[in-house]
Amino acid sequence: MQTTQARHEEYFCFLRSVPLLRDLPEEKLAKIIDCLEVDCFEKGEYIIREGEEGNTFFIIAKGEVVVTQRTDSFSEPQEIKTLGVGDYFGEKALISEDVRSANIICNETDTHCLVVDRDNFNQIVGTYDELQAYLKEYVEELSRSDERRNAL
Ligand code: WNU
């Protein structure tokens, strides 16, 4: 069995490798580790569904996901990008206080995501201005690209 300490060290190293979190002080990373859960998905499983309410933020620890979105030009949701280890998603619904704006579909069997709920996300991001400003900016950029592709 893995000890709490070993788990802590493993995630600590991983979170340090995530560009978004790289510069966070050690105690913030420790706090994230204490409050995260790990969810596993199979290929084809929907992790997030466009239009649903969502209260979680995800970081990919293993595997790959695809992002798809409905647009007014096609009947089926269109693939807009793939995300892999160290990438994250689900921040937009939390920051914009809106429903999920795209689908996130598991693209590789045994994909692992670290999941942080809204309260913990707000506590972590809300107390770190640079991170908050960065994410706000990025979410606005996502809204602009949604408009450019005529997302519904
Ligand atoms: C996009 N438009 C929209 C991605 C992840 C993180 C960053 C891009 Cl900082 P949500 C659906 C999630 C959404 C985003 C993610 O899908 N997403 C996009 C787009 O062009 N969403 N509207 N690209 S991947 C990505 C930048 O995380 O958050 O909670 O759920 O709306």
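Biologist: To start with, how many cavities of 30 Å³ or more does the structure hold?

Modeller: Bear in mind that this is a predicted model. The structure holds one cavity of 30 Å³ or more, and about 80 Å³ of space lies in the largest cavity. Its lining is made up of Leu-20, Leu-21, Ile-32, Phe-57, Ile-59, Val-116, Phe-121, Ile-124, Val-125, Leu-131 and Leu-135. By class that comes to 11 nonpolar residues, with no polar and no charged ones. Strand 3, helix 4 and helix 5 are the elements that give two or more residues to this lining, and helix 4 has the largest share, with three.

So let's stay with helix 4, which runs over residues 118–126. Its buried residues are Arg-118, Asn-120, Phe-121, Ile-124 and Val-125. They sit on the same side of helix 4, because they cover an arc of only 160° around the axis. What covers these buried residues includes helix 2 (26–35), strand 3 (56–62), helix 3 (91–96), strand 8 (111–117) and helix 5 (129–148).

Helix 5 also turns up at the largest pocket, where it gives the most to the lining, with eight residues. That pocket has a volume of about 710 Å³. Of the 32 residues lining the pocket, Tyr-88, Phe-89, Glu-91, Tyr-138 and Leu-142 are the closest to its centre. The pocket lining has 18 nonpolar, five polar and nine charged residues, whereas the lining of the largest cavity has no charged residues.

Notes:
Residues are numbered from 1 along each chain as its sequence is written. This is a predicted model: local features need pLDDT of at least 70, side-chain atom pairs count only at pLDDT 80 or more; totals for chains, interfaces and linings use all residues. Side-chain values use heavy atoms; hydrogens and water are left out. Buried means under 20% relative accessible area, exposed over 50%, partly exposed in between (1.4 Å probe, protein chains only). Helices (H or I, at least four residues) and strands (E, at least two) are DSSP runs, numbered from the N terminus. The arc is that of the directions from the helix axis to the C-beta atoms. Contact means heavy atoms within 4.5 Å. On a 1 Å grid over the protein atoms alone, a cavity is a set of points where a 1.4 Å probe fits but cannot get out, and a pocket is an open set with protein on both sides within 12 Å along at least five of seven lines; lining residues have an atom within 4 Å of a point. Grid points are joined across faces, edges and corners, and a volume is the space filled by probe spheres set on the points. Ala, Val, Leu, Ile, Met, Phe, Trp, Tyr, Cys and Pro count as nonpolar, Asp, Glu, Lys and Arg as charged, and the others, Gly among them, as polar.
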